[in-house]
Amino acid sequence: METRILIADDEALIRMNLRETLQEQGYLVVGEAGDGQSAVNMTRQLRPDLVLLDVKMPHMDGLAAARAIHAEALAPVLLLTAYSSRELVAEARDAGVLGYLIKPVRDAELMPLIEVTMARWNEQAGRKKELAQLRDRIETRKMIERAKGYLMDSQNLNEADAFRKIQQLAMNSRKTMREVAQAIMLAQQLAS
């Protein structure tokens, strides 16, 4: 599957050259923007796999656009700029930018940077998903433990029997153990 890229630069000639280079390298350019605000809006709408942003653009600069795109976790951002000061690099890093290219962009630098950036973005997404799953498991376990404790106290059951009761209720009602535990805790709150 082709990597879908959005280009944002206030200079039409640079956008055209980038588009041609990217297409020659097998990428699909799904949109072009001349300012930062349009780049953010188009990223929200088109959901590209990667966004190339110039730093100096009207309405919203590339760093502000990168912050917005990063905050919403829409796509990885590569910054294109003619400037390479430490301060600008630090701002780019803090804005969530994953790669930094100095203009004029050399064709040979573009593909490796895009591929490495996409790999890092996918790794980050995998870690975020795994973290969310782990948090969900912990919350499920906590909920089941609370429900088990309530059943042990209210029905004078031992721990194993309380757990089996939750399991049995889940199987009989075709619900998850978490949903059953939540229902038990809700019933306990209503009874109080």
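The structure is a predicted model, in which local features need pLDDT of at least 70 and side-chain atom pairs count only at pLDDT 80 or more, whereas totals for chains, interfaces and linings use all residues. Residues are numbered from 1 along each chain as its sequence is written, and side-chain values use heavy atoms, with hydrogens and water left out.

Seven helices and five strands make up the elements of the chain, where helices (H or I, at least four residues) and strands (E, at least two) are DSSP runs numbered from the N terminus. Their order from the N terminus is β-α-β-α-β-α-β-α-β-α-α-α. Along the principal axes, the C-alpha atoms fill a box of roughly 75 × 35 × 25 Å. Of the 192 residues, 36% are buried, meaning under 20% relative accessible area with a 1.4 Å probe, protein chains only.

Helix α5 (residues 107–154) packs against helix α7 (residues 177–191) at an angle of about 45 degrees, and their axes lie 8 Å apart. Axes are lines fitted to C-alpha atoms, for helices over the stretch in contact, and angles run from 0 to 180 degrees between N-to-C directions. The two helices α5 and α7 are therefore oblique to each other; angles under 35 degrees count as roughly parallel, over 145 as roughly antiparallel, 65 to 115 as roughly perpendicular and the rest as oblique. In contact (heavy atoms within 4.5 Å), residues of α5 including D136, M143 and Y150 meet residues of α7 including M177, A181 and Q188.

Terms used
Buried < 20%, exposed > 50% of the residue type's maximum accessible area, 1.4 Å probe, protein only.
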